[in-house]
Amino acid sequence: MSLSPPNDFALCELVQSEFERMFGRAPESILRVPGRINLIGEHVDYQGGTVLPVAIGLYLMASVARLDVAEVRVWSGEWAGENRNPSVIDLDVLLARKGKDSWLNYIIGVLSGLKAKGISIPGFEMVLVSTLPAGAGLSSSAALETITALAVEALTGESLDVVERALICQQAEHQFAGVPCGIMDQLAVAACRAGHALRIDCRDLSMEWIPLPEEYALVVAATGVKHALVDGEYQKRREECAEACVRLEVLSLRDVSFSDLESVRAQRLGERLRKRAYHVVSEVMRVSAFCEALKRRNVEEISQIMRSGHQSLRDDFEVSCPELDALVEAAYRFGPPHTMPGSRMTGGGFGGSTVSLVHVDRVADFKSHMEAAYRHEFGRCPQVFATRAAAGAEILSVYRGTTFSSKRTP
Ligand code: ADP
Ligand code: MG
């Protein structure tokens with residue numbers, strides 16, 4: 001199994017030729033935004049905790065060119081179905097839509113946010129091509145938001161600060177897609193660096209890039225089960241954490257210690273809220289311990305921290321599902337920590353994917369092992385792919401006959 005991302009060059013060519021086919025002219029810019037997995041720090045971003053995402057070599061790509069009318073015409077291969085015409089967004093209206101075109105809401109939301117910042121949005125045409133599966137917990141929604149902002153930046157010459165852009169994208173997801181997400185996804189897909197994990201403090205939005213050991217690949221196994229964040233479970237967990245804060249009289253669970261959870265005041269929580277709070281408190285500590293273990297390259301600790309992180313999501317936060325649990329168990333059966341240092345569910349939960357660290361020499365064996373284990377239990381094959389920590393969002397210049405060159409890594 002190849003460890004390199006899908007052929008980037010072919011994808012650049014495809015997004016350019018699809019633009020030419022759809023709009024009958026060459027694009028002005030090509031943009032690329034990766035997906036992300038989170039190594040540790042799940043369901044803590046909205047409590048001001050720290051998280052540790054890594055960009056992966058699956059991408060959403062866009063080709064764009066200006067238009068003289070106040071419209072955005074966008075065509076997404078994956079979402080077009082039988083529709084051969086682009087969807088049209090009227091820049092004078094920018095109202096969220098309901099129904100089958102709801103993916104446009106992410107784009108409309110970002111354009112509205114940019115407009116509110118005083119950026120004048122030009123009309124433009126955009127084609128989207130993706131190797132990043134949607135709804136798999138790999139952050140395709142944040143990639144779509146970020147690529148929209150980058151398109152405007154590329155066409156206008158505006159250059160947003162990475163945090164400012166992420167906040168606009170997050171607002172778009174809250175207000176136009178109805179998903180009250182934290183800030184991790186939008187920052188991760190923009191700010192990650194190749195070969196590194198990105199530690200984000202979700203309270204002050206400070207960031208630290210931590211090198212990953214080169215001998216390990218990231219292996220993502222997708223359950224094929226669609227997560228249901230919009231359906232309310234995510235919102236429920238957020239509300240439970242907020243309620244736990246009220247009862248503990250703190251602003252966020254990040255301020256809570258294990259001894260606080262044993263205090264008299266913590267008796268007000270009741271069993272369910274205590275479990276939710278326990279997950280957040282323990283997960284925040286796991287992120288710090290994991291970063292230290294990474295820096296010391298201590299694979300036994302990494303293994304133990306990822307395992308207890310998954311158990312906490314399964315038992316205390318209750319956002320796992322049988323498919324995720326089976327994949328994690330299968331990963332730990334594969335081998336000792338130096339071949340498979342750790343595995344856990346990644347993303348919001350209720351389906352989606354797991355991430356495992358696997359020694360580069362054993363990736364092909366690991367993939368077969370995971371497929372066989374999952375097929376045995378669920379009668380179908382999971383999607384398993386290996387990747388390295390990729391670079392964050394980039395504006396690429398248009399193909400000029402020799403190469404696509406990167407204009408900027410934010
Ligand atoms: P995730 O971010 O984990 O992939 P979400 O449910 O948050 O899952 O976001 C998925 C949604 O993002 C899709 O339902 C769709 O509306 C939008 N989306 C993702 N990728 C694309 C794409 N290539 N083209 C159009 N819309 C997309
Ligand atoms: Mg998403």
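Which N or O atom in a side chain is 2.6 Å from an oxygen atom of ligand 1? I began with this question; the atom belongs to Ser140.

**Entry 1: basis.** I note that the model is predicted, that local features need pLDDT of at least 70 and side-chain atom pairs pLDDT 80 or more, whereas totals for chains, interfaces and linings use all residues. Residues are numbered from 1 along each chain as its sequence is written, chains are lettered from A and ligands numbered from 1 in the order of writing, and side-chain values use heavy atoms, with hydrogens and water left out.

**Entry 2: ligand 1.** I looked up the shell of 20 residues and found that Ser76, Trp79, Gly135, Ser140 and Ser141 come nearest; a residue is near if one of its heavy atoms lies within 4 Å. By class, the shell holds nine nonpolar, eight polar and three charged residues. Here Ala, Val, Leu, Ile, Met, Phe, Trp, Tyr, Cys and Pro count as nonpolar, Asp, Glu, Lys and Arg as charged, and the others, Gly among them, as polar.

I then listed polar contacts, which are pairs of N or O atoms within 3.5 Å. A polar backbone atom of Gly135 is 2.8 Å from an oxygen atom of ligand 1. For Gly137, a polar backbone atom is 3.0 Å from an oxygen atom of the ligand. On its own, ligand 1 has 570 Å² of accessible area, of which the protein covers 91%; the areas come from the Shrake-Rupley method with a 1.4 Å probe.

Two or more shell residues come from each of helix 2 (77–80) and helix 4 (140–156). Helix 4 gives the largest share, three residues. Helices (H or I, at least four residues) and strands (E, at least two) are DSSP runs numbered from the N terminus.

Entry 3: Strand 7 (196–201) is joined to strand 8 by five bridges, and Leu198 stands opposite Trp209.

Axes are lines fitted to C-alpha atoms, for helices over the stretch in contact, and angles between N-to-C directions run from 0 to 180 degrees.

Entry 4: I found a second open sheet, with order 10-11-9-12 and antiparallel pairing. Strand 10 (342–346) and strand 12 (383–387) are its edge strands. Its twist averages 25 degrees from one strand to the next. Five bridges link strand 9 (216–222) to strand 12, where Phe385 is the bridge partner of Val220.

Methods. A polar contact is a pair of N or O atoms within 3.5 Å; within protein, one must be able to donate a hydrogen and the other to accept it, and residues adjacent in sequence count only if both atoms are side-chain atoms. Two strands pair if DSSP finds at least two bridges between them.
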